[in-house]
Amino acid sequence: KSLCVVGLGYIGLPTSVMFAINGHQVHGVDVNRKAVEMVNAKQLHIEENGLQERLEEAVDSGKFTASLEPTEADVFVIAVPSPIREDKTANLDYVKKATESIVPFVKEGNLVILESTVPPRTVEDVMLPVLEETGLTIGEELFVSHSPERVIPGKVFQELVDNDRIVGGINEKSSEMTRDLYLSFVKGNIHLTDATTAEMAKVIENTYRDVNIAFANELALISDQIGVNSWEAIKLANYHPRVNIHTPGPGVGGHCIAVDPWFLAEIQPDLSKIIQLSRNTNDHMPVYTAGEVESFLKEQHIQDPKVALFGLSFKANIDDQRESPSLKVILELVERGISFSSYDPHIKENVASNQTQSMDEALEGADIVVILTDHDEFKQLDPAHIQGKMRSRLVFDTKNALSLDEWKDAGFLTKRLGDSKN
Ligand code: SAJ
């Protein structure tokens, strides 16, 4: 089949490459000229395990090209961002624009698949009216479905293949056509439903995770007051066969979990009480984290403190800073007039202020190391080396990434988020 994939980001690019190396002719489209140029030059504009070699294979085989404009194709796949606005309502401009952009190229018998996560009813109420402009009869001459991406950054290629996939067509034929296409690389089960149920299922998955993390964060806050280590208590509770509590942390980042619950809150604000409360609980964690840093420094009577923040991406072992709690912690520190440096081995582009290129540079004159992301590199840190570079020796681990006993042995005063046991 020939495919036109609109959006060459964290989802669209890996998905394009997978279709291309599994026999399809793929044309990728992006509004970002640099991204298009880099793709054609077999260079990565995003970091993802296994992407480089697959991109090379796809481009070298002649099965994958990219440009700023769509082309005619059998199948159109839309994988563009669907963020929220300041007021927490869904911004569907990219989805709308992407759909509009393919209208001149769509022909009878084509299939249009939306992969972006959207509020329930978006395909029916937002996409279909645009696609009607093609003049084709929807469901008979033009087929449409929602097949939400469900892959986790860092393990995209494994999950694209192994995860079950939801396919929600606007009618049965649309679902079946979509399933047949993904069968070219998906080994998990493919579940067919209608478009709106597929939209709901996808939003539910991320909302479930957000609510569960908010519960874990609440347990951390409680534990901080009562001499309990929440990490240990949650681990023990999870030995129960029907309990699966997530882990606390400095906040919830990324473009999905911190966003998608608002899609439900927006459409039914009065009914989505736990959902909104959880969002607010998780959004408060960076403020709490900065407050804990400040009080730790005050307890030790450190004058004009300098904080070394370790980890800027929104989670471990990736380069993605979207909605990262670290950036919010930085804003909080700035507001409190506390100076800081920051270091992240995965971030090449200097988005956060005061980012240093080397760990030693970040540690220079610092009083406290604050772990905000549990990158593998941080788990291997040598406290003996680090203590020699700092002015004072405090460490605050918000991700339970460190063996704090080793740090104590190296002369550090230690603190862990959600743990007032020690
Ligand atoms: N986090 C915690 N505690 C946890 C787990 C995560 O604080 O126990 C934080 C992370 O540090 C991070 C944020 O939550 O800041 C989100 O990370 P994540 O690993 O939960 O999820 P994402 O955003 O990388 O990917 C999610 C995944 N959804 C689910 O697991 C249900 C992925 O499968 C989706 O494809 C993706 O959202 C998406 O694009 O919707």
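Trainee: How do the residues of the shell around the ligand divide into nonpolar, polar and charged?

Mentor: Eight are nonpolar, seven polar and five charged. Here Ala, Val, Leu, Ile, Met, Phe, Trp, Tyr, Cys and Pro count as nonpolar, Asp, Glu, Lys and Arg as charged, and the others, including Gly, as polar. The shell holds 20 residues, and those that come nearest to the ligand are His246, Gly249, Gly253, Gly254 and Cys256. A residue is near a molecule or strand if its C-beta atom, placed from the backbone, lies within 6 Å of it.

Two points on reading the model. The model is predicted, so local features need pLDDT of at least 70 and side-chain atom pairs count only at pLDDT 80 or more, while totals for chains, interfaces and linings use all residues. Residues are numbered from 1 along each chain as its sequence is written.

Now the sheet. Eight strands form an open, mixed sheet in the order β3-β2-β1-β4-β5-β6-β7-β8. Strands (E, at least two residues) and helices (H or I, at least four) are DSSP runs numbered from the N terminus, and two strands pair if DSSP finds at least two bridges between them. At the edges stand β3 (64-67) and β8 (190-194), each with a single partner strand, so one side of each has no neighbour in the sheet. On average, neighbouring strands are turned by 25 degrees against each other, direction ignored. Angles run from 0 to 180 degrees between N-to-C directions, along lines fitted to C-alpha atoms, for helices over the stretch in contact.

Start with β2 (residues 25-29). Four of its five residues are buried, meaning that 20 or more other C-beta atoms lie within 10 Å of the residue's own, all placed from the backbone. On one side, β2 runs parallel to β1 (residues 2-6), joined by five bridges, and serine 2 stands opposite glutamine 25. β1, helix α1 (residues 12-21) and β2 make a right-handed β-α-β unit: with the strands pointing away from the viewer, the path from the first strand over the helix to the second runs clockwise. β2 also pairs with β3, again in the parallel sense, over four bridges, with histidine 27 opposite threonine 65.

Further along the sheet, β5 (residues 111-114) and β6 (residues 143-146) run parallel, joined by four bridges. Leucine 111 stands opposite phenylalanine 143 there. Helix α5 (residues 122-131) lies across both strands, at about 150 degrees to β6; contact means C-beta atoms, placed from the backbone, within 7 Å.

Definitions and conventions: Two residues are in contact if their C-beta atoms, placed from the backbone, lie within 7 Å. A residue is buried if 20 or more other C-beta atoms lie within 10 Å of its own, exposed if 12 or fewer, and partly exposed in between; C-beta atoms are placed from the backbone.
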